[in-house]
Amino acid sequence: MNRSPENFTKIQFVAKSKLYKPALRKEFVNRKALIEQLEANISAPFTLVSASTGCGKSITVSQWIEEKGHNYGWLSLDEEHNDVQVFLTYIVALFKEQWPQRTFHLESLLGGSDLPSNLISALLINDLDETHEPYVLVLDDYHVIREQKIHEIIQEILQFPPEKFHLVILTRRDPPFKMARLRAQNKLLEIRMVDLAFTADEAIKLRSKIASTITDEQIKSLIQNTEGWITGITVGLMGLKEGISFEKILASLTNSNSIISDLFDEVVYKGLPINIQKYLILTSLLDQFSLELIRTMEASIDDSDLTQPGCREFIRLSRERNFFLIPLDSTGEWYRYHHLFRSQLNYRTERYFTKEVVERLYKAASGWFEENQMFEESLIYAIRSKDLQFAVTLFNRHRIELFNHDRIQKLNQFISLFPPQAMNDCLEIVLSSAMLQNYNANFVDLAKHIDRAEELSKALDFYKPYDRKLFGELHCLKDIMSFKSGDIERTLFYAEKAMEFIPGDEHYFHRESSVAYYSMALYVKGLKDQALENLDSEFGKFASSDPYYKMRLLQGRCLIHFLEGNTDLLATDGEALKTFAASDIFPAAWMMGAYSLATSLYITNRLDKIGEFHEDVKKHRYRGWPLWIMHFYFIKCLSDMATGKWEELDREITHCEILANEFGQESIKGLVKAFQVEVFLRKGDIDSAVAISPFANFNVGSSFWGLYYIPELTQVKLLILTGKEEKGKELLQNLIHSAREYRKNNHLIQCLALKAIVYARESRYEQAKELLCEALALSKDLNHKRTFLDMGWGILPLLKEIGETQADNAHVLSLLNAFEEEKRYSLKKGPEKNITPKKSISDLSKRELEILLLVSRGANNGEIAEELFISLDTVKKHLYRAYQKLYVNNRMAAVRRAQELDLLPEE
Amino acid sequence: MSHPHTYTIQFSGPGTYRIRVLGNIGKNMLDLFEGIVESVDDIGEGKVSTSIIVNVLDQAQLCGIINILYDHRLALISLIWAPSYNIKENIST
């Protein structure tokens with residue numbers, strides 16, 4: 001298998017046969033009046049053709065489009081289109097056929113999670129609005145659509161239709177739209193059964209095409225008894241041609257509208273050789289068929305009636321006798337049967353083929369589709385063959401390829417095709433589903449799936465190569481779980497086993513995941529060089545010639561840089577990853593690259609560059625891994641906060657909320673709420689933070705990768721500010737412990753700085769300085785700045801003191817300079833009143849407040865020292881710190897500011 | 001015609017219904033919803049109507065049957081709840 005990125009785009013996910021307009025044949029009667037009616041309505045946005053089966057809906061609309069030469073897209077809907085993602089994929093495929101060079105807004109939604117209908121319709125409308133030529137979109141067989149969201153999308157488009165757009169819906173029953181409103185607004189042309197009914201003139205034309213002998217009077221009678229139903233009239237005429245008496249046909253039409261059923265044997269089967277009958281049954285098993293496909297199927301069963309000359313004869317006869325065969329393309333390669341005709345054939349299947357033979361035929365069809373790279377069809381027929389193991393084998397062959405290409409949403413979709421028991425019984429499906437849960441940050445279900453996979457794996461034979469790979473996959477999942485739960489030895493053990501069981505030439509995704517976790521575990525053990533070497537030995541040798549390996553190598557390196565908090569390497573490797581992954585080929589990897597780069601820029605306080613590619617991230621927000629996308633948004637929000645872009649911040653926060661709802665995963669929604677709590681805390685709005693905190697999820701499980709924003713720290717801040725100091729401190733201590741153990745410098749620096757602030761609040765300045773010194777020492781080489789700046793002005797006095805006493809104080813001085821820069825966004829110049837901090841984590845300590853209170857009552861330093869039983873120097877020190885925190889330089893200003901901030905009572 | 005016991009009809013529970021359609025019903029179609037033909041009546045002008053009895057598990061199944069009739073172009077004359085009809089008894093007779 002060639003894994004170069006160019007190859008990935010060639011994977012077929014759209015069944016082209018569903019995009020064909022029914023081809024027209026000379027046998028069809030031209031329906032001039034209807035065509036003109038349709039044409040007259042082209043300026044309105046919508047035509048509804050609603051009629052029962054066999055009324056000629058598709059053929060009429062096909063004739064209109066062809067005769068008038070409209071630009072069109074034709075989508076024959078079926079069950080699978082009830083999945084909004086599948087529906088959108090096909091719509092985009094149609095647009096791409098019409099405008100191959102264009103990119104569409106809608107493409108950004110492909111591969112995404114649960115999306116709101118108004119967003120989809122808005123993008124769809126935008127895409128169509130940018131079209132300068134008229135375009136007709138035909139949705140055939142719309143009655144199969146049950147998904148409410150698709151109905152909503154269509155209705156919203158019809159409410160605000162693009163100028164040059166016309167939608168035609170062909171359906172057997174009316175869609176659940178608000179039709180009265182559309183009628184009142186003159187937006188709708190309805191073509192119903194009575195409109196589609198054949199007139200006498202049209203029936204006469206049909207007579208000449210079928211070469212039937214029937215009088216005009218008889219035609220009238222036929223029309224009267226069929227209400228002009230085209231299929232009834234056609235069967236009647238065919239029956240006459242086959243020598244059935246007109247009386248018998250009429251009697252049948254009068255007392256049974258199931259005319260095809262009644263006349264089927266006589267019209268269709270009369271005089272047909274047995275082999276042709278068998279071919280009819282065989283082809284009726286398929287939704288669509290081609291000559292080549294039939295040949296593959298006949299070869300799969302040992303049936304002397306089905307031989308190659310018979311196959312050709314069958315196609316000739318089918319055309320000649322009009323077996324209600326609908327050509328699907330202009331070259332006459334693909335056909336499908338009329339629904340009614342096919343169901344009549346289906347009823348007779350058992351007469352000709354045993355169940356076992358039918359299953360073999362389905363399998364053969366599945367194999368043919370697979371060979372022709374039409375994987376969806378091949379999987380559908382594999383499942384129809386009732387041989388679940390066969391379907392799983394097929395799925396398994398492709399699932400690895402899909403994993404290898406990061407096609408996560410597609411995998412989700414395919415898994416949903418299987419019957420529910422497969423989720424419980426088939427190891428491959430359980431394993432795939434488990435990996436998807438990991439991608440969705442759903443670690444509870446991941447654990448459950450691992451347990452189930454463990455049970456199922458007992459039946460595996462360790463010595464079979466295929467089974468060993470499955471063992472490998474299971475171990476790969478276990479190494480993820482172990483790493484997450486902090487068990488590094490087990491991570492190494494499982495990852496090593498996974499790498500041993502999974503060969504390097506097939507299960508790339510799982511092998512590479514294990515390599516990455518193995519390397520991360522080595523890093524955590526303090527073996528950073530070995531970790532990077534391990535990545536190099538796996539990918540490095542191919543990286544120079546193959547972008548795929550280069551991409552995986554960079555991904556692994558970025559994961560380690562995150563843990564280490566190495567901003568330089570995050571920037572260089574992130575940038576390279578972004579380039580190699582390319583947003584449209586490996587969106588998840590690209591997103592990781594973008595996030596790495598943005599994080600590095602943020603931590604090193606180079607904020608102006610973050611916005612540059614945020615727009616790009618927004619475009620691809622539905623294509624990556626939701627967790628990473630959310631974290632990218634957080635970086636943008638933090639950057640807006642730091643630069644005082646409060647309005648932009650509010651917008652981005654709203655985006656985050658919308659996006660989390662669109663992703664639909666509870667864990668992600670909770671994560672966004674946790675981040676909102678953080679924002680409120682930074683704004684000093686504790687009431688709002690407390691109010692939304694019950695909806696927040698502070699323990700999403702993302703922290704174990706070392707991503708920048710730490711929801712658990714938000715929880716610590718909230719606990720401390722709401723009087724639960726002990727609990728907050730305990731949690732903070734645990735976080736420090738975990739960050740030390742995992743060598744997550746990035747997290748450790750944040751935790752230590754926060755703890756320093758907590759000590760300072762308690763006036764334990766020496767301990768505070770000690771912790772801060774440790775954080776500064778760690779951050780010096782890694783060039784971390786924002787972590788300190790984000791702690792707010794409360795950290796300033798501590799920093800100044802450290803700066804004054806340290807010999808090598810370049811890092812501290814650069815931070816103090818950054819604080820000076822930051823002043824322009826400080827509370828004083830905040831654009832809105834509500835963002836002025838009233839109370840924050842870096843607030844004045846209790847002692848400082850006591851002293852300020854006495855100052856406000858007019859006490860001098862000596863009186864204060866006496867009152868509080870402390871030395872004069874200590875009073876001065878406390879006052880100096882309070883000035884720093886309040887950005888003032890004298891005692892009266894300090895009292896005024898403290899009163900403004902409600903820290904002291906007004907006089 | 002009013003039915004005194006219609007209050008016992010359940011939306012999500014089982015029920016028996018009598019459905020009358022214009023014309024004949026083929027066996028294949030009958031098999032689709034496991035109904036039985038109660039009678040075929042001459043309604044004049046050479047036309048017949050067919051009365052069928054169906055046992056359904058709930059209204060969802062009933063809705064499915066109506067769709068099948070529609071898809072086979074059978075015009076509906078009436079559909080009525082028939083709780084007292086015992087399919088098993090009538091099959092055995």
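This is a predicted model: local features need pLDDT of at least 70, side-chain atom pairs count only at pLDDT 80 or more; totals for chains, interfaces and linings use all residues.

Reader: Ok. Which helix is Lys769(A) in?

Author: Lys769(A) sits in helix α41 of chain A, residues 765-782.

Reader: And is Lys769(A) buried or exposed?

Author: Lys769(A) counts as buried because its relative accessibility is 17%. Buried means under 20% relative accessible area, exposed over 50%, and partly exposed in between (1.4 Å probe, protein chains only).

Reader: What is Lys769(A) in contact with, leaving aside neighbours within four places in sequence?

Author: Leu798(A), Glu801(A) and Ile802(A). Contact means heavy atoms within 4.5 Å.

Reader: Switching topic: how many helices and strands are there in chain A?

Author: Chain A has 48 helices and eight strands. Of its 907 residues, 62% count as buried.

Reader: Which residues have the most contacts inside the largest nonpolar core?

Author: Phe483(A), Trp628(A), Met630(A) and Trp705(A), in a core of 130 residues. Helix α34 of chain A (residues 626-642) gives the most to this core, with 12 residues. By nonpolar core I mean a set of buried Ala, Val, Leu, Ile, Met, Phe, Trp, Tyr and Cys residues joined through side-chain atoms within 4.5 Å.

Reader: What does Trp628(A) contact, beyond neighbours within four places in sequence?

Author: Its contacts there include Leu559(A), Phe562(A), Met591(A) and Leu707(A).

Reader: Now the interface: how many residues does the contact take from chain A and from chain B?

Author: Chain A puts in 18 residues and chain B 16 residues. The two chains bury about 1,500 Å² between them, 42% of it on carbon and sulfur atoms. That buried area is the accessible area (1.4 Å probe) that two parts lose on being put together, summed over both.

Reader: How many salt bridges cross the interface of chain A and chain B?

Author: The rule finds two, counting a side-chain nitrogen of Lys or Arg within 4 Å of a carboxyl oxygen of Asp or Glu. Arg173(A) forms a salt bridge with Asp71(B), where the closest N and O atoms are 3.0 Å apart.

Terms used:
Residues are numbered from 1 along each chain as its sequence is written. Chains are lettered from A and ligands numbered from 1 in the order in which they are written. Side-chain values use heavy atoms; hydrogens and water are left out. Helices (H or I, at least four residues) and strands (E, at least two) are DSSP runs, numbered from the N terminus.
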